[in-house]
Amino acid sequence: MEPTPAELTQTAIDHALAMDDPAQRARAITGILDVIKTASPQLQATRRADVLKLRETLTLREIGERIGLSIGRVDQIAKGATTGRRAKAKADQEAEIEVEPSVGTA
């Protein structure tokens, strides 16, 4: 049986993490992250189009069962909504930016 795309991705990640040389490992991880970042919009758009196509004949529950997601998540994908994790991660990142205190204030 042929491995799934998810299994192939996990194999690449496992291979990178198992590398002994830190420079080699960092380079491999960077490559994986770059591929994921580049492909992410296309994958998300394709998944949304697929969910909308399935929505023509199936309920949210049926779609969720077929693709392994909750009804709510299928609905979010169909509506083009984000999970909220992205927004939270951005807010957390912005909160990490330190603001230097004013110097010389009296």
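Guide: A helix is a DSSP run of H or I of at least four residues, numbered from the N terminus, and by that rule Ile-29 has its place in helix α2. The model is predicted.

Visitor: How many helices and how many strands are there in the protein?

Guide: The protein has 5 helices and 0 strands, and from the N terminus on its elements run α-α-α-α-α.

Visitor: What makes Ile-29 partly exposed?

Guide: Its relative accessible area is 30%, and since buried means under 20% and exposed means over 50%, a value in between is called partly exposed. Ile-29 therefore counts as partly exposed. Leaving aside neighbours within four places in sequence, Ile-29 is in contact with Ala-16 and Leu-17. Ile-29 and His-15 are 14 residues apart in sequence, and their C-alpha atoms are 9.6 Å apart in space.

Visitor: Why is α1 called roughly antiparallel to α2?

Guide: The axes of helix α1 (residues 5-17) and helix α2 (residues 22-55) come within 8 Å and cross at roughly 160°. That angle makes α1 roughly antiparallel to α2, because angles over 145 degrees count as such. The crossing of α1 and α2 is left-handed.

Visitor: How do you know whether Ile-36 is buried, exposed or partly exposed?

Guide: Ile-36 also lies in helix α2, and its relative accessibility is 42%. The cut-off for exposed is over 50% and that for buried is under 20%, so Ile-36 at 42% counts as partly exposed. The C-alpha atoms of Ile-36 and Thr-9, which are 27 residues apart along the chain, are separated by 9.6 Å.

Visitor: Why are α2 and α3 called oblique to each other?

Guide: The axes of α2 and α3 come within 10 Å and cross at roughly 130°. Roughly perpendicular covers 65 to 115 degrees, roughly antiparallel begins over 145, and roughly parallel ends under 35, so a crossing at roughly 130° belongs to the rest and the two helices are oblique to each other. The crossing of α2 and α3 is right-handed. In this contact Val-51, Leu-54 and Arg-55 in α2 meet Leu-60, Ile-63 and Ile-67 in α3, and by class there are 5 nonpolar, no polar and 1 charged residues.

Visitor: What makes α2 roughly perpendicular to α4?

Guide: The axes of α2 and α4 come within 8 Å and cross at roughly 110°. That makes α2 roughly perpendicular to α4, because the class takes in angles from 65 to 115 degrees. The contact is made by Arg-47, Arg-48, Val-51 and Leu-52 of α2 and by Arg-73, Val-74, Ile-77, Ala-78 and Lys-79 of α4. By class, this contact has 5 nonpolar, no polar and 4 charged residues.

Visitor: How do you know that Gln-76 counts as partly exposed?

Guide: Gln-76 has its place in helix α4, with a relative accessibility of 27%. Because buried requires under 20% and exposed requires over 50%, Gln-76 at 27% counts as partly exposed. The C-alpha atoms of Gln-76 and Arg-48 are separated by 9.3 Å, although the two residues are 28 apart along the chain.

Visitor: Which residues form the largest nonpolar core, and what makes a set of residues a nonpolar core?

Guide: The largest nonpolar core has 7 residues, namely Val-51, Leu-58, Leu-60, Ile-63, Val-74, Ile-77 and Ala-78. Helices α3 (60-67) and α4 (71-79) each supply at least two residues of this core, and α4 gives the most, with 3 residues. Such a set is called a nonpolar core because its members are buried residues of listed kinds, Ala, Val, Leu and Ile among them, joined through side-chain atoms within 4.5 Å. In soluble globular proteins, nonpolar side chains tend to be buried together.

Visitor: Which residues does Ile-63 touch, not counting residues up to four places away in sequence?

Guide: With those set aside, Ile-63 touches Val-51, Leu-54, Arg-55, Leu-58 and Val-74.

Visitor: How many of the residues of the protein count as buried, as a percentage?

Guide: Of the 106 residues of the protein, 11% count as buried. Among contacts between residues at least 6 apart in sequence, 26% join residues at least 24 apart.

Key
Residues numbered from 1 in each chain as written. Predicted model: local features only at pLDDT ≥ 70, side-chain atom pairs only at ≥ 80, totals over all residues. Heavy atoms only, no water. Buried < 20%, exposed > 50% of the residue type's maximum accessible area, 1.4 Å probe, protein only. Contact = heavy atoms within 4.5 Å. Axes fitted to C-alpha atoms, helices over the stretch in contact; angles between N-to-C directions. Left-handed = near helix turned anticlockwise from the far one by under 90°. Nonpolar A, V, L, I, M, F, W, Y, C, P; charged D, E, K, R; others polar.
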